[in-house]
Amino acid sequence: MAMLHVQKNFPLNITTRVPTTELFSKNGHFPIKFYSYPKNEIIRSKKTNHLTLGIDHVIDPSSFSSSCIKALGDHQGDVLANNGIGIIDFFEDKNILVIGATGFLAKVLIEKMLRTTPKINKIYLLIRSKDKKTAFDRLTSEIIESKLFKCLKEMHGGSYELFIKSKLVPIVGNIHEPNLGMDSITAHQIAQEIDLIVDSAANTTFDLRYDLALEANVNGPYQLMLFAKKCKNLKLLIHYSTAYVNGEREGLMYEKPFTMGESITKEKVTSHSPSTKFPSLNVANELDFVSMLNTAIENNDTFNKIMKDLGSERAKLYGWQDTYSFTKAIGEMVIDNMREDIPIVIIRPSVITSTYEEPFPGWIQGFRVIDPLLIFYGKGEYTCCFGDPSSLVDVVPVDVVVNTTMAAIVKHGHLQIPELNVYHATSSYMNPLSLSQLFNYGFEFFSSSPSVNSKGDQIKIKKMIFFDNLSDFTNYILEKLLKKQEVHDLKMQMRIKRKVEYLENFSKIYEPYTFYKGRFHNGNMRKLMEDMSEEERKNFNIDESTINWRDYFTGVHILGVREHVFNGRSAVHC
């Protein structure tokens, strides 16, 4: 195991722009290495002719479903538009590397680029898989055959697979490895060809083990930046972070980049008492500490438990709410520290939800952040909430994030200034939604379209009750469960106990978000919208202030979760 060359007493100090060699081992490898992956292969695609809408083959509008007509029609005028920032023209002949390509956000981005900028050259998709056949199988099952691409399929008809395979190139790789897991020949080829990199890879588990979170959210960006420096034609690198890297800050939070060694706790301490000293966050020490624990602790269960607790402890020490937001912030620091002359855009979405408009409303992949709250509520299992009803729940539909991404790529891809720009893809500043409003909309939906239990009976729910004390919350749930079910034996008692413990732990994990006291300023996003032409603002809508949250949650989002996550079922056991 490669170890960091740092002092063993862990002095917590670091300068703003530290040489990379002081953060990571001199051989270019991340110091924490607990597992490995097989040597990767590449799928090399043959050159194919570009297929462009209305030029290389005819599209029959009569074949479109009603949900896809708007998605196509809205973009016809923009092809002719000559003002604004030039979104359509910019992507022509570009080669893009997308990392985390089979994830929720990346898939919506890929679909939008293929549908609205069909003259794009190649989109290379870095896919973790054991060989090229597996990578191609994942491309087919998770992208080409995905319901998300149904509008694109209807637009191209029988030429759909030919079109999409001429654009998408699956590459076997792993962002955690040197050269992103590609062999040297492939890495060289990709480095010579790509114009843009979009990094959508991350582990978003709030309470992930510290070692695994560092591997995903810190080592990933580190390996990415090493590779990006080999890309001679690179115009821009886009990295997806999260608005919650702002940690335990309160009030209005601006789109400010992180610098190496920065911490929220130090920021708070010095703002109240400038003369008070608080140690800087030393990333090298964090990595080295985990490496040494891995070496010293032989029992895997013990190590796993320590890592689970350590991430939360270190995050809260430095002013972040959980391991996820903490390691994502460190990842941002690494990118800033290593960027040199590479233009960087960091997009920080808040809680990403289902599509608002495109390619059709309500599409979602996976059971995401706010969905357990709503679905458990609709199932009658989450009868009260440990949270502040006036706390803001910042949500943003995934297509708004994608549109922001494409517009930001064009703006900064044209400029190619070697700087780092941050965009908050958020809603709480311009269109706030409170926790109580969210559950009111849930109540409205499930009252008119109730879930059913395993017996087929409809589940009636009541208005959400809020608690600001965890003990009161737990006691209330226990009391309700005991009244609801007749406890005859020890087995039933244990089942109720486990349920209460689960909801208590669930609420602890969500506590930083259900009591959140911040709002995310998105001035850069608003300025971006001003730079866009009227046609671009229509076709690449990033104006979250116009979204009616009641209509969205009762008429789009919860329906989308039922349809695309639970396959249309409303049963409690789904």
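**Figure 1. α19 gives the most to the lining of the largest pocket, with four residues.** The model is predicted, so local features need pLDDT of at least 70, side-chain atom pairs count only at pLDDT 80 or more, and totals for chains, interfaces and linings use all residues. Residues are numbered from 1 along each chain as its sequence is written, and side-chain values use heavy atoms, without hydrogens and water. Helices (H or I, at least four residues) and strands (E, at least two) are DSSP runs, numbered from the N terminus. The pocket's volume is about 1,300 Å³. A pocket is an open set of points on a 1 Å grid over the protein atoms alone, where a 1.4 Å probe fits, with protein on both sides within 12 Å along at least five of seven lines; lining residues have an atom within 4 Å of a point. A volume is the space filled by probe spheres set on the points, which are joined across faces, edges and corners.

**Figure 2. Ser 200, Ala 202, Asn 203, Thr 204 and Arg 368 lie nearest the centre of the largest pocket.** In total, 48 residues line this pocket.

**Figure 3. The second largest pocket has a volume of about 630 Å³.** Its lining has 26 residues, with Gly 380, Glu 381, Thr 383, Lys 460 and Lys 484 closest to the centre. α18 (470–484) and α19 each give two or more residues. α18 gives the most, six.

**Figure 4. Asp 195 sits in the loop between α9 (184–193) and β4 (196–199).** Asp 195 is buried, at 10% relative accessible area. Buried means under 20% (1.4 Å probe, protein chains only).

Definitions and conventions:
Buried means under 20% relative accessible area, exposed over 50%, partly exposed in between (1.4 Å probe, protein chains only).
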